[in-house]
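Hello,

Here is the structure I promised to pass on. My notes follow below it.

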Amino acid sequence: MKWSQTHLFTLKEAPSDAEIPSHKLMVRAGLIKKLAPGIHTYGNMGLRAIRKFENIIREELEKSNCIEILMPMVHPKELWSETNRWNEMGAGLLKFKNRMDQDFCLGATHEEAVVDYVRHELKSWRDFPKNIYQIQTKYRDEIRPRFGLMRGREFSMKDAYSFDMDQAGALKAYDQMYAAYQRIFNRLGLNYRIVQADAGNIGGSQTHEFQLLADAGEDALLVSTKTNFAANVEVCPAIDAVPYVSKETTMKDIEKFETPGQKTIADLATFTNVPANELVKTLFYSANEGNNPKDVSLKAFAVLLRGSDEVNPIKIKNFLKMANEPRMLTDAEVLEVSGANPGSCGPVGLKIPMYLDNGLQGFKNFIVGANEDGFHLKNVNTEKDFKQTAFADLRMAKDGDKCPESDGTLKSFRGIEVGHVFYLGQKYAKAMNGVFLDKNGKSQFYEMGCYGIGVTRTVQAAIEQSHDQDGIIWPKEIAPFHVHICLLDIKDDELKSYVEKLTAELEAKKIEVFIDDRDERPGFKFKDADLLGFPVRVVVGRKGFDAAQLEVVNRKTKEVTKLAPNEVAAKVTELLK
C-alpha cells in the first residue's frame with residue numbers, strides 16, 4: 001500500500017484529553033479518532049492491527065474446537081431480567097426504549113444472549129460439550145471514559161462460553177481456554193502475567209486475569225518473589241510478612257479522653273504519639289442493595305482495621321456475598337448509626353454487625369472513637385468491650401506482604417487487563433432454565449464457563465508496553481505493515497521501479513509493505529516512520545542507491561544496516577524472522 005492511496009494523517013501533538021503514551025500515540029499516528037467521549041473511529045492502520053489480532057484469536061480458538069457465531073448488540077429487557085442483572089448492572093448498562101415503548105439495552109456482555117441461543121437445543125447429554133464464541137462490539141456506559149480504547153464506552157471484545165454436563169467437564173473446558181489464552185498472548189511476544197481475580201457482576205467461583213504489564217496500567221498486581229503466584233490487589237490475600245505481636249500483655253480498663261479536632265488517623269497518630277499501624281479505624285457501610293436502597297430502612301454494618309491499612313470493598317462484597325461493592329454511609333447516616341460524626345466513631349456500644357480485618361487479631365488495649373464528637377477511648381479490647389461479628393481478610397494487600405504460597409514476599413506491578421476467564425458453574429443455567437437430560441433421563445442444569453479478551457484494548461495495551469519517545473514499536477504479529485519504505489526521490493523512475501520490485505519480492509514471502517511516496521522532506525518521513533512504528537524501515541534515495549548504501553533500520557533497536565540494493569530483501573526477511 002502507498003501512503004498516497006490511503007487516508008492517513010499524522011499529528012505532531014496529541015490532543016489535550018490524551019493522558020497516557022499509548023493513547024497519545026494512537027491519535028497522533030491516525031489509528032483512532034474520537035467521535036464522542038469513549039467512542040472512536042478506527043483508522044485503516046488501527047483496523048489492520050485489530051483484524052490481525054482477531055485472526056490470531058480465531059486460529060488459536062479453532063485449535064480448541066470453538067465455534068464462532070455473532071450475536072446481536074441490542075438485547076431485550078426480558079433476557080436480563082431473568083438473571084436480575086437488569087437491576088444489578090446499574091448505570092453501566094445503557095438502556096433505552098424502542099418506538100413500541102419496549103425496553104432494550106446495549107450488550108455490555110452476552111451471557112444472557114448466549115444461553116437463550118442454546119437453551120432450546122442443548123437438551124441431551126449427547127449435545128455436550130460446546131464452546132461458542134464471537135468477536136462483537138460491546139457497550140458499557142462508563143461514568144468517565146478515558147485513556148482511548150483502554151477505558152472506552154464502545155469497544156470490541158472476543159467472548160466465549162462453554163457448556164458442559166458437569167463440573168469436571170466445565171473445569172476441563174476452563175483449562176483448555178486458559179491454555180488457548182496463553183498461546184494467544186505468547187504470540188504477541190509481550191510481557192504478561194496470569195493473576196487471580198474477582199469475578200464482578202459476571203459471577204463464578206474461579207477466575208483468572210491475563211494482564212499486560214505497563215506503568216500506566218489501571219490494575220494493581222502483586223506477584224510473588226518466590227513462586228508463580230500472582231493476583232489482582234482486589235482479591236490478593238493480605239498476610240503480614242511479620243505477624244503482629246501486641247506490646248501489651250494484660251487487658252486494661254477503658255478510658256475516655258478528649259481529642260479535639262482529631263478527625264483523621266494521621267491527626268490522631270500525632271496527637272497520641274501512637275503509630276497509625278497500632279490505631280484502629282471504624283468504617284460504616286450499607287448492606288442495602290437494589291435500585292432504591294434508600295426506599296427501605298438502612299441496614300448498616302461496620303468494618304474495623306488498622307489505621308495504616310486500606311479497606312478492600314471487593315473483599316467485603318465477596319465475604320458478605322453481595323451483588324455489588326457496598327456503599328459507604330454518608331456523614332449524616334454515620335451520625336444516625338453511631339451518634340457521632342466520622343473521626344470520632346468506634347465499635348463500643350454499636351448495635352450493628354461488626355467485621356474486623358484479620359490484621360487486628362492479637363490487638364490489645366487499642367484506641368478507637370468514643371462515638372462522641374471530640375472524644376476517643378483507649379484500652380479497648382474485643383470480646384471484653386464489644387462483640388465482633390467475624391474476623392476476615394478485608395484489607396488491601398500491599399508490596400512487602402507475605403506470599404500466600406511460600407515464605408517469599410509480594411512485589412507490586414501495574415497491569416492492563418486484556419483477558420479474563422471465568423468458571424461460572426450453574427448460575428446462568430439455573431436463572432434461565434438451561435436444562436438437559438443426563439444418561440439416566442434425569443433433568444440437570446448444565447455447567448458454564450465464560451472467557452473474554454478485549455480486542456481493541458489489547459491492541460492499545462501492546463502499544464502502551466512497547467513504545468519509545470519517538471513512537472510505536474509494533475509486535476510483528478499485529479503490526480499494520482511489516483516494512484515501511486521511505487521513498488525519498490518520488491519522481492525518480494529507476495528508484496520507483498526498484499521499490500516496486502522489492503515490494504513484490506517481499507510480498508511474495510507474505511511480508512506486508514507500506515510505501516511512503518509523499519513529496520515530503522526526508523526528516524519528515526523518518527519521523528512519521530518512527531511514529532507509525534512498523535518493525536523494519538527501508539530508506540530508498542538516489543544517493544544511497546548509487547553508493548550501494550541503502551539503509552535498513554530495525555525499529556525496535558534503532559540499528560541501521562547499509563546494504564546494496566540486491567541485499568535489502570534478504571536483510572528485511574532476516575529481521576522479521
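**Strand pairing around S6**

Strand S5 (residues 95-97) pairs with S6 in the antiparallel sense, over 3 bridges. Two strands count as paired if DSSP finds at least two bridges between them. Helices (H or I, at least four residues) and strands (E, at least two) are DSSP runs, numbered from the N terminus. This is a predicted model: local features need pLDDT of at least 70, side-chain atom pairs count only at pLDDT 80 or more, and totals for chains, interfaces and linings use all residues. Residues are numbered from 1 along each chain as its sequence is written, and side-chain values use heavy atoms, without hydrogens and water.

Lys-95 has Cys-105 in S6 as its bridge partner. S5 and S6 form a hairpin, with 5 residues between them. Asp-101 sits in that turn and has a positive phi of about 65 degrees.

S6 (residues 103-106) also pairs with strand S4 (residues 74-76). These two run antiparallel and are joined by 3 bridges. Here Pro-76 stands opposite Phe-104.

**Backbone in the loops**

Asn-84 is not a glycine, yet its phi is positive, near 70 degrees. Its loop runs between helix H3 (77-82) and helix H4 (85-88).

Glu-383 is partly exposed, at 47% relative accessibility.

Finally, a cis peptide bond links Phe-128 to Pro-129, with omega near 0 degrees. Pro-129 is in the loop between helix H5 (111-118) and strand S7 (130-139).

Best wishes

How values were computed: Buried means under 20% relative accessible area, exposed over 50%, partly exposed in between (1.4 Å probe, protein chains only).
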